[in-house]
Structures are given as structure tokens and as C-alpha cells.
Amino acid sequence: MKITLALPSKGRFKEKTLSLLKNAGYEISLSLEKRSYHAHVTNLPEIDILFLSASEIAHELGNGNINLGITGKDLIYENLTHPNEHIEIKYALGFGHANVVVAVPEIWHDVSTIADLDDVAADFRQHHGRRLRIATKYWRLTQQFLSQKHGIQLYRIVESLGATEGAPAAGSADVIVDITSSGATLAANKLKILNDGVILKSQACLIASRHRSQNIDIICKDIKNALNTEKDSSPEEYLLARSFA
Amino acid sequence: MRGDKSLVDAVSNYFTQNNLTVVDIAILQPADPFLDMVGENLRRLIFMTQSENGDKLCLRPEFTIPVCLHHIASGNTTPKNYAYVGEIFRQTSTGVTGFYQAGIEEFGAENQAKADALSLSHAISMLRYIAPEKNIKLLIGDHAIFADVLSALALPQGWQKKILRYFGNNKQLRLLLSDLAKPAEMILLPPPISQLAACGNKTALIQFIEQDMLEADISPKTGRTPKDIADRLIEKQRLAHRQLGKPVLKALNEFLSINISLDKAEHTLRKFACRYKLALENVLSRFTARAEALDQQGINLSELRYNAAFGRSLDYYTNFVYEIHDDKREPTILVGGGRYDRLLTMLGACSPIPAVGFSIWLDRL
């Protein structure tokens, strides 16, 4: 019985994941060909390792094309409509910490909460002839947070595929919803996070697809044990693991 | 009954018998007007696609907005009515995606009370015509009365707008009222700003903010202007020590719990106005005129329920709203209707066009 485990295909996210699996006692044989998207666990041949982009992992878990995956919680909640029907979060892995936040220009001294943003959004059309624009790649999280949780309807989402934090200065949006770990990029762009503007606290998680949850217990247990021993590692290690590209 | 041909035929017969203009609306519509008017909440409910050059399109999720756009583009004169019947498309958790709707929109009628009454009367008689067996319940609401109550209570402008925005969304409205009844949290502002805002020196505040904006590389012209920010800062500072008083809260709660048949509603509202010494004369006389017009349409006022808290939290509804429910299957809404005087201007009409209309959910009959 083959079990497919998907891992992030690049960056620090990949490195952290591989070192976690090594601590779990898995000997991973990366193909000699650097670009290969497949790997095997020499001492546990039932496991098939696939390297995918972090959002693809969320999709594949939702569809049940893979048994297990390691990806960010933010991507699960953004990409799956009803995550709890399709996946189960097994463990938070303690790296890749980052928050999805609502941020506005620092110069908006009158805006520090979502309630303030609501007022601004409501009057926007009257003052500017258009709705308030929010740049984000997280349209689902934004919509759930602002519309369903806070009852704010009057804004428009501008889908942004990169460098979202530059949108207010570029004039393509007024506000952003983006992922941030240290907040440094936001600060560099003169943006501030609203006091109650944290939509989701994300980190890397081990996630099981509910559609293919057979025979995964042993892997989950190995990873859990590795996590328990890793707790002794230095705190800098955690800080190094940043957002997942 | 989904898309039942006999129902659609019955609707068409009703339109012909009543000399209504039937309008043909394309299934594929530009998506922006819907998202702009209704809000981003709609995005997860509609089917979006793109044209070859990237324009966002969607399968029509309702008829009112396309009918308005059609009216604006056609340059038709008012008064003018439009009738429609056809399929709309929405994403649902049940997997059903197509629903049939039929309705009538009336633009530019001079006598608003009469137009309101005629709209509800059409909704009832059309429903009786196509589904004579159905037992129905009628519910009406009025945004204008709530707006005037807030203004008569002399609440600060900012609060009036805020509270009015949540009208119809009772859970959020209660939350907001209890928030406003608590002392406001102090806002921490950097030094020169805090003094300028506290003493209300708007000119200096605007200058300072503009300077800061230029330094932050944010154009003071593309979005919120220094004046927008200064205005709101000063207002916020002024309201920082105010909270919604107990008597006001009591009056609002009492108003929002009024739920009574229309023949008794005017009396109840006048008693309420009298008890709290609120000047509601103007809005109540319009309410009465509408009730009289409904009576003249042969609608039994004792069968109409006025719920003071009933409204739609969309900014183009400012007045009369109504719903017809299935008496046997509460809370199934068979018909949604109301007055949306702001919508045509928001969609680009050059001058304001009063509008009232309704939609029947044919699949629910």
C-alpha cells in the first residue's frame, strides 16, 4: 500500500520539512537529478514523496489525490471551501509562522480597527466614486473575515499575485490583506496592521486528506516524535523559517 | 417544480394580461456591477469567467441590476416598467445551481406611495395567479423610519450612518449598539497629530497629513485624501468620550421590537414617537400614505405585518422593503421586493430615478 506524502518544493519551507523528516528517522533519497519532483524513503519504501507548490498541496489534499501533505494553514483555508470536510490538521509543525492580516497605510491615523475600516469603506463611494479596494491573494479569507464575520460588504477585492504590499503606494488598492511574519515588509511600505486585523495565525502543518486517511498513523506518529525531540532546538531555528513562497 | 414550464407560461400570461413590457436579459453579464453594488460576499455565490481580453463576466445571479443597466443603456423615458422571467445562477452547498425567477421593476413613478402599493399588489396577485393554492404571509419594513428615529434621537452623524448600515442585520446591529454603549477606547496618536486633532485645527492637520503622505510616497489624490483623514480624526476625537446613553438604547430597543399588523402600526409608531418626544411626523405621514395606497389596492392591512427591525443591509435600499413567506414552510421566502432609489444612479444613470420592484422564486412554489 503506497502512501503519498507531499512536501513543499522550494525554499526554506522545503529545507525545514526535510530536516523534520530526517529527525523522524526517514532516510530520503533525493533523485540525482536536482529538478526531480519525486523521492523515496529508503527505510520505508511504502512512502512516496512528491514535491509540489504549497498551494497545490492544499488542493491535492482537498481532492484526495494524496494522503498526507505539509503546507501552510493559510493555504488550506484559502484554497478549500469547506476544509473540515476534506482534510484534518494533524500537527502544527512549529515553523513557517506567519499571520494573514489586514493592513492599511500608516498615514490613516483615524483607522486602527476593523470598525474604523467599516466606516471608511461605507463612505468611500460617496467620496471617490468607487468602492474601497483591497489587494490580496487571499480573497476567500478576506471575504470570510470582513463580510461574514464583521458584516462589511462595501469593498472590492483586487486580486494580486505578488508584491501586494506595494499596491497602496502604486495606487492600485487602498488596503491590503497579506501574509506577514515579522511585519518588516509592511513597515517598509508604511503600512500598519489593524489592532483586530489578524485574520489567521498560520504555520506549517502536517495535514491528512479525509478522502485517503488509511495507513497514515505510523507516519503521523514518527513525525510527532520528531517534533517532541525538536522542541530542544534553538529558538532562532524557528524564526529563520519564514513565509512560504 | 424546477423551471416548471407551466409556471413560466403562467408568468408570461400574467405579464400579457397586465400589459407589462417583457425585457430580455443576457445570461452572461459583466461581473463588476454585481460585486460593486452587492459586495464581495457575492463572489463566492456567483459563477465567474473571463472574456478573452480579461473582462470579468458572470452568469446572471439576479435580474434587478441587469434590468437597471438595460434601462440606462436604452435611454428609455420614465415612468417605465420591466417584467422578466428566467433562470439565474448561484453556487450553493446543495449543488443546485440554477433557479427560476420572475419579477417586475418599476422605474420613475411619480407617486411613490402608489408605486410601492402597486408593486406589492403585483407581487401578491402574480403569486395568486401562478400558485393559487399557496398560503402566504406578508412582511413589510421601512428603512426611512429607522433613519428618522436615529436622527430624531440626535445621535452624532457618524453613529447614525453606522447604525443605519446594519439595519436589517439584527445580530450585527445588536453587537454594534452594545459596543457604542461602552466607553470608546482611547486612540493613541503620534504627537503633533494628537494635539492638532484635539484642538480641531483642521487646516494644520490637513497640511501635516499631506506632507506625511508625500513622504510615504502615497498619492494624496488616488484614494483617501488628507482632508478625509483629518475630518474623520476630528470627529472621532469628538466622539471619544461619548457613549450611547441608556435612554437612547432603551428607545432603540423598543423601536426595533415593534412587530405588528399594518392596520395598527401607525398608532403604535405615533405612541412610540410621543413617549420619547421624537419628531417623526414627516416619515410617518409617508408611511400612512403608503398604507392608504395599499388599502386602495385592495390589500387587507390586517394581514400585512410591519416589523420595525426588518430591512436589507445594502446601501441602495433606503425605504420600503417587503417579503412574502410561505406560511407552511417558514422561513421560506417566496418573494423579495422593495424600493431601491439609489441603485440606478450608482449604476451610472445621469439623474436620480426612483425604483421599486420584486422577484418571485419560482422553484419555491
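The following questions and answers go through a predicted model and ask what its descriptions rest on.

User: Why is Arg130(A) called buried?

Analyst: Buried means under 20% relative accessible area. Arg130(A) has 17% relative accessibility, so Arg130(A) counts as buried. Arg130(A) lies in the loop between helix H5 (114-128) and strand E8 (132-136) of chain A.

User: What does Arg130(A) touch?

Analyst: Leaving aside residues up to four places away in sequence, Arg130(A) touches Phe124(A), Arg125(A) and Asp174(A), along with Thr222(B) and Gly223(B).

User: What makes the pair Arg130(A) and Asp174(A) a polar contact?

Analyst: The cut-off for a pair of N or O atoms is 3.5 Å. The side chains of Arg130(A) and Asp174(A) are joined at 3.0 Å, and therefore the pair falls within the cut-off of 3.5 Å.

User: How do you know that Asp123(A) and Lys161(B) form a salt bridge?

Analyst: A salt bridge needs a side-chain nitrogen of Lys or Arg within 4 Å of a carboxyl oxygen of Asp or Glu. For the side chains of Asp123(A) and Lys161(B), the N to O distance is 2.9 Å, so the pair meets the 4 Å limit. The rule finds 14 salt bridges across the interface of chain B and chain A. Between these chains, 29 residue pairs are in polar contact. On the side of chain B that touches chain A, helix H2 (32-38), helix H6 (157-165), helix H9 (202-215) and helix H10 (226-239) each supply at least two residues.

User: How many residues does each chain bring to the contact, and what area is buried?

Analyst: Chain B gives 37 residues and chain A gives 38 residues. About 3400 Å² is buried between the two chains, and carbon and sulfur atoms give 47% of this area. In chain B, the residues that lose the most area to chain A are Glu40(B), Arg224(B) and Arg232(B), together 19% of what that side buries.

User: Why are strands E4 (80-89) and E7 (259-261) of chain B said to stand at the edges?

Analyst: The open sheet of eight strands in chain B has the order E4-E5-E11-E10-E9-E6-E8-E7, with mixed pairing. E4 and E7 each have a single partner strand, so one side of each is left without a neighbour in the sheet. From one strand to the next, the twist averages 20°.

User: What makes E11(B) a partner of both E5(B) and E10(B)?

Analyst: Two strands pair if there are at least two bridges between them. Strand E5 (residues 98-107) of chain B is joined to E11(B) by seven bridges, and the two run antiparallel. Strand E10 (residues 333-339) of chain B pairs with E11(B) over five bridges, also in the antiparallel sense. Phe358(B) in E11(B) is the bridge partner of Ile104(B), and Gly337(B) stands opposite Phe358(B). Ile360(B) is the bridge partner of Val335(B).

User: Why is E11(B) called largely enclosed?

Analyst: Seven of the seven residues of strand E11 (residues 355-361) of chain B are buried, so the strand is largely enclosed by the rest of the structure. Ala355(B), Gly357(B), Ser359(B) and Trp361(B) point one way, while Val356(B), Phe358(B) and Ile360(B) point the other way.

User: Why is E10(B) also described as largely enclosed?

Analyst: Five of the seven residues of E10(B) are buried, so E10(B) is largely enclosed by the rest of the structure. A hairpin of six residues joins E9(B) to E10(B).

Notes: Residues numbered from 1 in each chain as written. Chains lettered and ligands numbered in written order. Predicted model: local features only at pLDDT ≥ 70, side-chain atom pairs only at ≥ 80, totals over all residues. Heavy atoms only, no water. Buried < 20%, exposed > 50% of the residue type's maximum accessible area, 1.4 Å probe, protein only. Helix = DSSP H or I, 4+ residues; strand = E, 2+ residues; numbered from the N terminus. Polar contact = N/O pair within 3.5 Å; in protein donor to acceptor, adjacent residues only side chain to side chain. Contact = heavy atoms within 4.5 Å. Axes fitted to C-alpha atoms, helices over the stretch in contact; angles between N-to-C directions. Buried area = accessible area lost by both parts, 1.4 Å probe.
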